[in-house]
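Visitor: Hi, I'd like to go through a structure with you. Can you put it up on the screen?
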Amino acid sequence: MSYLQEREGFVTAAKELITGDGCTGVPDFWWRRCCDEHDEDYKKKTMSRARADWKFLKCLRRRAKTVFGRWIIAPAYYIGVRVLGRNYWEKQQPLKESPPL
């Protein structure tokens, strides 16, 4: 692997760590930020899973550009995370706070 290929792979991985991977398994449309925030809520576990998913639905509806997006697609994404998100939630460990210096 060349230096440039290695560097490109590193940059891509770093961007995903910083920004998230968007809406996993479905199109991002105009909701990438909502999906990234939802991923962060799952990783941090600072709230219940139900609350994180409800926050996700509210974000989707707020950012939807069409009535169809707000009342059809957003609820479909919400149902998707409620049905399929449990395994991901259970795999995540809450982030540990670093001890004060």
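Visitor: Where does W71 sit?

Guide: W71 is in helix α4, which covers residues 67–84. Helices here are DSSP runs of H or I with at least four residues, strands are runs of E with at least two, and both are numbered from the N terminus. Before we go on: this is a predicted model, where local features need pLDDT of at least 70, side-chain atom pairs count only at pLDDT 80 or more, and totals for chains, interfaces and linings use all residues. Residues are numbered from 1 along each chain as its sequence is written, and side-chain values use heavy atoms, with hydrogens and water left out.

Visitor: OK. Which residues form a nonpolar patch on the surface?

Guide: V67, F68, W71 and I72, with about 460 Å² of accessible area together. Areas come from Shrake-Rupley with a 1.4 Å probe, and for residues only the protein chains shown count as cover. Patch members have over 30% relative accessible area and no salt bridge; like charges are joined within 9 Å, nonpolar side chains (Val, Leu, Ile, Met, Phe, Trp, Tyr) within 5 Å. A salt bridge is a side-chain nitrogen of Lys or Arg within 4 Å of a carboxyl oxygen of Asp or Glu.

Visitor: Zooming out, how many helices and strands does the chain have?

Guide: Five helices and zero strands, so the pattern along the sequence reads α-α-α-α-α, going by the DSSP runs.

Visitor: And how much of the chain is buried?

Guide: 29% of the 101 residues. Buried means under 20% relative accessible area, exposed means over 50%, and partly exposed is in between (1.4 Å probe, protein chains only). The accessible surface of the chain comes to about 7,700 Å², with 59% of that belonging to carbon and sulfur atoms.

Visitor: Switching to cysteines, how many disulfides are there?

Guide: Two, counting pairs of cysteine sulfur atoms within 2.5 Å. One joins C23 to C35, S to S 1.9 Å. C23 is in the loop between α1 (3–19) and α2, while C35 is in helix α2, twelve residues away. The other is C34 with C59, their sulfur atoms 2.1 Å apart. C34 lies in helix α2 and C59 in helix α3, so that pair ties together parts 25 residues apart in sequence.

Visitor: What about handedness for C23 and C35?

Guide: Right-handed, with 85° about the S-S bond. The link of C34 and C59 is left-handed at -80°. In sequence order of the bonded cysteines, the pairing is 1-3, 2-4.

Visitor: Is C23 buried or exposed?

Guide: C23 is buried, at 6% relative accessible area. C35 is buried too, at 4%, and so are both C34 and C59.

Visitor: Now R49, what does its side chain reach?

Guide: A polar atom of the R49 side chain lies 2.8 Å from the backbone oxygen of V81. A polar contact is a pair of N or O atoms within 3.5 Å; within protein, one must be able to donate a hydrogen and the other to accept it, and residues adjacent in sequence count only if both atoms are side-chain atoms. R49 lies in helix α3 and is buried, with a relative accessible area of 11%. With contact meaning heavy atoms within 4.5 Å, and leaving out residues up to four places away in sequence, R49 touches Y42, V81, R82, V83, G85, R86 and W89.

Visitor: Last one: where is K45?

Guide: In the loop between α2 (32–44) and α3 (49–63). K45 counts as partly exposed, because its relative accessibility is 24%. A polar atom of its side chain lies 3.0 Å from the backbone oxygen of W89.
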